[in-house]
Amino acid sequence: MRWLRYLKLLILFISAFHLNELHAQETILTGLKSNEKRADALLKKGRLKDALELYLYTFERKRKDELNLKIARTYFQLNDVERSVEWYKNFLLINETLPAEDQFLYAESLTSTGSYEEAIDWYTKYSTENPADSRSLAKIKQLKDLTNLLEDSVIYEIHPLKINSSFSDYSPTYYQNGIVFVSNRERTDVLDVNSINAEDRQFYQTLYYSRFRETNEGLYEQFILEEPTVFDKQMKAKYHEGPVAFFPGENKMIYTKNGESDRKGSTLQLFIAERQNGKWIDVAPFPFNNINYSVSHPTLSTDGKTMYFVSNMPEGYGGTDIYKTHYVNEHWTKPVNLGPEVNTKGDESFPFLFQNKDLYFASNGHPGLGGLDIFKLKTLSTSNEIVNLGYPVNTRYDDFSIALDSLGKTGYFCSNRTRQPDNDDIYAIEINDEEPVKFISGTVCFANSSDQSNSTTQILVEATVLLIDKIRSDTIAQAMTDSKGGFILKIPYPGSFRLLTQKEQYGSHQINFVVPKRKSFQQKHDIVLVRRWSDSVVDKNHSYENQ
């Protein structure tokens with residue numbers, strides 16, 4: 001291992017030289033440009049850590065509000081939300097408020113640190129100044145009703161994999177009785193300074209393979225994996241290798257890596273490779289690659305002819321959006337953006353298409369618990385309903401990159417919930433999504449007086465009963481009362497609801513209730529609409545039946 005220590009020393013020497021160069025090149029490289037301007041330029045190039053170092057260096061010598069904000073923003077981009085909050089609080093010690101852009105970033109950082117009440121205040125301020133941006137209102141609604149997301153659900157069982165390293169391990173994909181994943185863990189099989197990223201002094205991200213452990217009966221234990229090995233040492237990505245998707249037969253794949261034509265290695269592109277004579281050989285780039293923006297994170301349909309991927313190409317809705325393309329007549333069609341129902345002003349990433357019907361993806365733009373959350377869209381449905389998977393899959397940290405087996409009952413996802421710097425881990429997930437029965441029922445009657453002893457009730461036929469999702473303000477089910485005034489509504493999912501009963505000329509009545517995740521739910525209401533001197537309504541039965 002002496003050579004590895006030598007390599008680390010060499011890397012540290014190069015890194016020290018690199019950082020000293022940043023501080024010393026005022027006159028050599030940039031003439032009259034200030035450190036702050038050079039840091040701005042580094043930020044635009046995506047060299048966040050180098051930019052931050054210069055911002056901090058400059059702030060120590062020239063303390064000013066704008067630098068304080070730039071440091072807070074850069075920490076946010078580096079996903080160090082605790083330090084981002086710290087620098088925003090420093091700014092607010094001597095300033096009453098924040099610029100509009102920073103109000104939203106500060107609210108996002110507060111959400112990711114679990115300071116939900118304070119986050120609501122800053123989302124509200126941002127929304128007041130930016131009423132056209134609907135993100136804040138959606139996030140406020142979600143944060144005001146976290147019961148559904150925070151409730152510990154028995155649907156999911158999760159645990160971290162033993163193959164995780166102290167570096168980033170993420171983006172698992174099923175492959176040949178095992179998984180392929182991405183990691184920048186230390187390597188002992190290379191002695192090449194070009195394998196090290198000079199910016200963070202870590203190995204470039206590489207594809208690894210880990211096989212399921214085989215039992216004596218010839219079966220495979222999915223959650224017990226063997227020691228990972230480099231997926232293919234012959235693959236020669238210049239910088240990073242990233243997420244991969246395999247075509248049917250697993251002898252062809254499309255994967256992410258830095259574009260070879262981009263000498264700065266700043267954009268990600270997709271490449272198609274085939275397995276030939278035991279080696280993976282690049283055969284074609286994805287035709288819509290572009291060195292001016294990234295194209296990455298592929299996922300394929302079961303026949304390999306539909307692909308979803310992520311890009312920050314122009315005319316999108318936010319930072320990174322999800323796109324869709326089809327393979328027709330041996331050509332990929334022009335990518336189509338999934339639109340504002342899926343893509344937000346934030347970042348959508350790591351799509352996973354399950355059995356051609358459910359599209360899972362990560363987002364920090366849709367309302368959630370903080371950071372990236374995992375969501376599900378039913379692609380075959382016309383409702384475009386997007387569901388947050390909730391706790392314990394999602395937390396206030398980054399949770400992303402889910403992959404499920406063909407039955408959808410087991411799989412993997414990734415998270416940085418341990419909050420170790422630059423350390424994403426892979427978690428196993430088991431799903432029992434057979435929800436217990438949940439419904440609400442009752443009868444609707446009418447009375448001329450609220451004094452039941454002096455009033456005769458009349459059964460109301462064809463009264464309208466609406467089940468309304470309080471968070472989304474959407475009607476999700478409705479019924480008309482039958483010949484006996486009865487109704488029953490099935491509740492499709494847990495959450496906060498309103499039951500609205502109404503009939504023209506007889507009045508209306510509403511009941512608010514919460515449906516839990518973990519158990520069956522039944523409520524029965526005998527509702528009496530009352531007209532005395534003025535229209536009013538009562539709910540005669542106040543006893544609830546929860547099972």
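This is a predicted model: local features need pLDDT of at least 70, side-chain atom pairs count only at pLDDT 80 or more; totals for chains, interfaces and linings use all residues.
1. The count comes to 1 cavity of 30 Å³ or more, where a cavity is a set of points, on a 1 Å grid over the protein atoms alone, at which a 1.4 Å probe fits but cannot get out. The largest cavity has a volume of about 40 Å³, a volume being the space filled by probe spheres set on the points, with grid points joined across faces, edges and corners. Residues are numbered from 1 along each chain as its sequence is written, and side-chain values use heavy atoms, with hydrogens and water left out.

2. The lining of the largest cavity is made up of Asn 79, Val 81, Ser 112, Gly 371, Arg 396, Tyr 397, Asp 398, Asn 416 and Arg 419, lining residues being those with an atom within 4 Å of a point. By class, this lining divides into 2 nonpolar, 4 polar and 3 charged residues; Ala, Val, Leu, Ile, Met, Phe, Trp, Tyr, Cys and Pro count as nonpolar, Asp, Glu, Lys and Arg as charged, and the others, Gly among them, as polar.

3. The structure holds 0 disulfides, a disulfide being a pair of cysteine sulfur atoms within 2.5 Å. Cys 414 is buried at a relative accessible area of 0%, and Cys 445 also counts as buried, at 15%; buried means under 20% relative accessible area, exposed over 50%, and partly exposed in between (1.4 Å probe, protein chains only).

4. An open sheet of 4 strands, paired in the antiparallel sense, has the order E28-E27-E30-E31. Because strand E28 (474-480) and strand E31 (507-515) each have a single partner strand, they stand at the edges, and one side of each is left without a neighbour in the sheet. Neighbouring strands of this sheet are turned by 20° against each other on average, direction ignored, as judged from axes that are lines fitted to C-alpha atoms. Strands here are DSSP runs (E, at least two residues), numbered from the N terminus, and two of them pair if DSSP finds at least two bridges between them. Strand E27 (residues 464-469) pairs with E28 over 6 bridges, and Ile 468 stands opposite Thr 475 in E28.

5. Elsewhere, strand E11 (residues 268-276) and strand E12 (residues 279-285) run antiparallel and are joined by 6 bridges, with Ala 284 in E12 as the bridge partner of Ile 272. Their hairpin has 2 residues between the strands, and Asn 277 takes a positive phi near 55° there.

6. Some backbone values deserve a second look, because most residues other than glycine have a negative phi, and most peptide bonds are trans. Ser 171, in strand E2 (residues 169-174), has a positive phi near 55° and is buried at 6% relative accessibility. Asn 329, in the loop between strand E15 (321-328) and strand E16 (331-332), has a positive phi of about 50°, yet this residue is exposed at 68%. A cis peptide bond with omega of about 10° joins Tyr 391 and Pro 392, and Pro 392 lies in the loop between strand E21 (386-388) and strand E22 (399-404).

7. Leu 338 lies in the loop between strand E17 (336-337) and strand E18 (348-354), where it counts as partly exposed at 22% relative accessibility. The C-alpha atoms of Leu 338 and Lys 324 are separated by 6.9 Å, although these residues are 14 residues apart along the chain.

How values were computed: On a 1 Å grid over the protein atoms alone, a cavity is a set of points where a 1.4 Å probe fits but cannot get out, and a pocket is an open set with protein on both sides within 12 Å along at least five of seven lines; lining residues have an atom within 4 Å of a point. Axes are lines fitted to C-alpha atoms, for helices over the stretch in contact, and angles run from 0 to 180 degrees between N-to-C directions.
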